[in-house]
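The following paragraphs lead the reader through the structure shown here, from the whole chain to selected elements. Please keep the sequence and the model in view while reading.

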Amino acid sequence: MDLLNTLVDKGLRRELPTREEALAVLATSDDDLLDVVAAAGKVRRRWFGRRVKLNYLVNLKSGLCPEDCSYCSQRLGSKAEILKYTWLKPDQASQAAAAGLAGGAKRVCLVASGRGPTDRDVDRVSETIKAIKDQNEGVEVCACLGLLSDGQAERLREAGADAYNHNLNTSEATYGDITTTHTYADRVDTVHKAHAAGLSACSGLIAGMGETDEDLVDVVFSLRELDPDSVPVNFLIPMEGTPLAKEWHLTPQRCLRILAMVRFVCPDVEVRIAGGREVHLRTLQPLALNLANSIFLGDYLTSEGQAGTADLEMIADAGFEVEGSDQVTLPEHRAAGVEGGCGSHESAGCGSNATAGCGSHAEAGCGSHAEAGCGSHAGGDVCGTESAPATNEPRTDLVAVRRRGAGTDLAPNA
């Protein structure tokens with residue numbers, strides 16, 4: 001297919017595709033899907049080999065958010081029966097992080113619900129960053145705390161944070177349909193603040209909220225312009241009790257096409273499969289590793305994910321390898337000029353991660369999933385004991401509220 005040959009050539013040269021080419025990837029047929037995956041896989045392997053970076057989410061403060069992001073179970077007015085708790089103490093957060101690091105994670109993402117941190121909140125998170133880094137040599141830490149005020153990104157960087165996550169989530173044209181308590185421009189401003197402070201910027205999107213192909217291309221092109229080191233691709237988890245609970249627009253095939261489009265537009269950037277991969281990619285998750293070079297390990301912010309052991313088996317069975325703490329994530333041309341970082345770009349910190357915004361998320365960005373049974377979750381049973389639902393039916397059986405890990409007395413999943 002001429003389109004795919006052109007996109008591979010551009011990806012190997014780090015050249016931006018046209019909007020028409022990006023839209024054409026989303027419009028390809030299921031018959032062409034393996035060709036699309038193979039083409040984007042060539043670009044992925046050129047810049048990241050067969051390495052898969054593992055990240056681990058710690059939800060520092062759950063629920064009780066004043067923002068009205070329609071996708072988020074922690075939003076104002078949410079009726080989702082999620083865990084609700086105030087700030088974890090530094091030692092509690094460090095203990096939670098240790099589970100993910102023991103499971104092979106290279107980066108810890110510290111997330112807190114809310115519009116944005118107060119200066120006291122920045123102090124709390126700074127203490128937590130120190131506790132984690134004191135106990136785990138070489139660990140990367142990404143903060144995801146919402147909208148930043150002047151000077152806060154610099155303070156996080158001084159405290160040892162390597163990256164900051166804040167997603168754009170959707171196109172500027174449709175942002176007001178998703179959230180009314182802050183603007184798209186607010187999110188862009190926070191990404192700029194992270195960049196300016198020398199933090200590695202992590203910013204991504206959420207697919208499956210009823211957006212058009214044009215919206216998806218718009219937000220990915222906007223991300224390319226912002227030049228984050230990491231682009232998390234979240235697939236909406238339609239949580240009961242949120243305004244988007246009935247939005248089930250994704251198939252595994254569409255998810256793969258979206259990931260391929262992101263890889264072609266952002267060829268040399270860490271592309272992370274974030275929230276919702278188990279719900280929407282399901283048994284095609286291993287194919288997605290040919291497109292993305294990063295995933296979350298364990299559970300997400302308020303929902304459960306695939307068992308960490310299942311993730312590790314999936315990576316090995318698909319012929320990939322877990323990226324080591326001594327390996328630089330990003331390609332040399334992006335990592336060049338960073339003093340002591342772990343592979344971001346000019347004026348950056350350490351290259352990776354995301355979800356976000358305003359402390360709300362959508363089970364997204366910084367996080368991962370689990371409760372496995374046969375590679376699915378939500379208390380999965382023995383493989384093959386029941387007939388599988390049609391692929392176009394809502395898979396509400398795969399959405400489970402997190403009841404373990406941070407904020408509970410139960411061991412976390414990692």
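A residue is called buried when its relative accessible area is under 20%, exposed when it is over 50%, and partly exposed in between, with a 1.4 Å probe and protein chains only. This is a predicted model, in which local features need pLDDT of at least 70 and side-chain atom pairs count only at pLDDT 80 or more, while totals for chains, interfaces and linings use all residues. Residues are numbered from 1 along each chain as its sequence is written, and side-chain values use heavy atoms, with hydrogens and water left out.

Of the 414 residues of the protein, 62% are buried. The secondary structure consists of 14 helices and 10 strands; these are DSSP runs, H or I of at least four residues for helices and E of at least two for strands, numbered from the N terminus. A contact requires heavy atoms within 4.5 Å. Among contacts between residues at least 6 apart in sequence, 78% join residues at least 24 apart.

Helix α5 covers residues 119–135. The expected span of a helix is 1.5 Å times one less than its number of residues.

In α9, the residues D215, L216, V217, V219, V220, F221, L223 and L226 are buried. They pack against α2 (19–26), α8 (184–196), β6 (205–207), β7 (230–235) and α10 (252–265). After α9 comes D227, with a positive phi near 60°.

How do α9 and α10 pack? Their angle is about 35° and their axes are 10 Å apart, where axes are lines fitted to C-alpha atoms, for helices over the stretch in contact, and angles run from 0 to 180 degrees between N-to-C directions. From α9, the contact is made by D213, L216, V217, V220, F221 and R224, and from α10 by R254, I258, M261, V262 and V265.

Finally, L301 lies in the loop between β9 (294–297) and α13 (308–317). L301 counts as buried because its relative accessibility is 0%. L301 and A112 are 189 residues apart in sequence, yet 9.3 Å apart in space, C-alpha to C-alpha.
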